[in-house]
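Subject: Handing over the model

Dear colleague,

I am passing the structure on to you below, together with my notes on what was found in it. Please read the two side by side.

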Amino acid sequence: MLKVENLNVHYGVIQALHDVSFEVGEGEIVSLIGANGAGKSTVLKVLSGLHRLTSGKILFHDQEIQKSATKKIVESGISLVPEGRHVFAGLTVLENLEMGAYLRKDKGNLKKDMDHVYERFPVLAERKNQDAATLSGGEQQMLAMGRALMSKPKLLLLDEPSMGLAPIFIKEIFAIIQEIQKQGTTVLLIEQNAKLALSIANRGYVLETGKVVLSGTGEMLLNSDEVKKAYLGG
Ligand code: ATP
């Protein structure tokens, strides 16, 4: 579904990614793990058209998208849940969800899809008329995911969904990610919490200072001595 080939990305003179290549197959959860500053968020920024690559190719369903505008990328079926959520403060939960569907052409099914999001995240239904800024961190993460799902993505990009959340919320969010996969959406998950991210992943890649240094099935990486030593506390 997604094929990333030899991505090189710079911020000014700083090179953030070096020849990064990876693939995401239809229906998979693929996790990209790595320490702070390894380049994980940069991968997602480039995939969503928010930052341009210096060289390389991004193929989504065999179409090159590396020069496409963000709007086109969303329309083609890729939706990003950014780090730190970025829900729209001053808008209600309902309005935030409506914003997620802004670029959709098939507006006829919005009500059904909104109900579906409320089913998946009952707390959002309870709070639908509340200002999004008043939600807790975990609820904002759910809202950001619900908002992304309202665009009916084929591929959902999640940037550090566990960041800053209490363990109970993290568990819930990760269960929901697996449910989203079961219902047919492919997921690319970026996480510092390597254990969690690999435990739900079909496959994973390890990024170190902008390079892919290891890849394999989630299970294989969880059991790899290198990963254990560097990311799982021995
Ligand atoms: P984190 O978990 O901290 O977000 P990350 O793995 O997502 O880490 P990136 O944010 O992608 O890493 O950063 C990769 C590299 O690019 C780092 O060296 C970082 O300092 C640099 N970088 C990121 N954004 C910018 C920017 N806007 N300007 C300059 N350098 C940047």
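Where is Lys152 found? Lys152 sits in the loop between helix 6 and strand 7, where helices (H or I, at least four residues) and strands (E, at least two) are DSSP runs numbered from the N terminus. Before I go further, please note that this is a predicted model, in which local features need pLDDT of at least 70 and side-chain atom pairs count only at pLDDT 80 or more, while totals for chains, interfaces and linings use all residues. Residues are numbered from 1 along each chain as its sequence is written, and side-chain values use heavy atoms, with hydrogens and water left out.

The phi angle of Lys152 is near 55°, a positive value in a residue other than glycine. Lys152 counts as partly exposed because its relative accessibility is 45%; on this scale buried means under 20% relative accessible area, exposed over 50%, and partly exposed in between, with a 1.4 Å probe and protein chains only.

Ser151 belongs to the loop between helix 6 (137-149) and strand 7 (155-159), and it is buried, with a relative accessible area of 12%. The side chain of Ser151 reaches the backbone oxygen of Ala148 at 2.8 Å, which is a polar contact (a pair of N or O atoms within 3.5 Å; within protein, one must be able to donate a hydrogen and the other to accept it, and residues adjacent in sequence count only if both atoms are side-chain atoms). Not counting residues up to four places away in sequence, Ser151 touches Val74, Ser79, Gly100 and Arg104, where contact means heavy atoms within 4.5 Å.

Lys154 lies in the loop between helix 6 and strand 7 as well, and is partly exposed at a relative accessible area of 40%. Leaving aside neighbours within four places in sequence, the contacts of Lys154 are Met1, Phe60, His61, Ser76, Gly77, Thr185 and Thr186. The C-alpha atoms of Lys154 and Arg120, which are 34 residues apart along the chain, are separated by 18 Å.

Within helix 6 itself, Gln141 counts as buried because its relative accessibility is 1%. Apart from neighbours within four places in sequence, Gln141 is in contact with Val81, Arg85, Pro161, Leu165 and Ile173.

The strands

Strands of a sheet pair through backbone hydrogen bonds, either parallel or antiparallel. In this model an open sheet of four strands has the order 2-1-4-5, with antiparallel pairing. Strand 2 (14-24) and strand 5 (63-64) stand at its edges, each with a single partner strand, so one side of each is left without a neighbour in the sheet. Strand 4 (residues 55-60) runs antiparallel to strand 5 and is joined to it by two bridges, and two strands pair if DSSP finds at least two bridges between them. One of the partners in strand 5 is Glu64, which bridges to Leu59.

In the loop between strand 4 and strand 5, Asp62 has a phi near 70°, a positive value in a residue other than glycine. Asp62 is exposed, with a relative accessible area of 71%.

Strand 3 (residues 29-33) is mostly covered, five of its five residues being buried. Both of its faces are covered, with Ile29, Ser31 and Ile33 buried on one side and Val30 and Leu32 buried on the other. Strand 3 is joined by five bridges to strand 8 (residues 186-191), with the two running parallel, and the bridge partner of Leu32 in strand 8 is Ile190. Four bridges join strand 3 to strand 9 (residues 203-208), again in parallel, and Ser31 stands opposite Gly204 in strand 9.

The ligand

Of the 13 residues around the ligand, Asn36, Gly37, Gly39, Ser41 and Thr42 come nearest, a residue being near if one of its heavy atoms lies within 4 Å. The shell around the ligand divides into four nonpolar, six polar and three charged residues, and helix 1 (residues 40-47) gives the most to it, with three residues. Backbone N or O atoms lie 2.8 Å from a ligand oxygen atom in the case of Gly37 and 3.0 Å from a ligand oxygen atom in the case of Ala38, while a polar side-chain atom of Gln192 lies 3.2 Å from an oxygen atom of the ligand. The protein covers 64% of the 620 Å² of accessible area that the ligand has on its own, with areas from the Shrake-Rupley method and a 1.4 Å probe; for residues, only the protein chains shown count as cover. In the shell classes, Ala, Val, Leu, Ile, Met, Phe, Trp, Tyr, Cys and Pro count as nonpolar, Asp, Glu, Lys and Arg as charged, and the others, Gly among them, as polar.

With best regards
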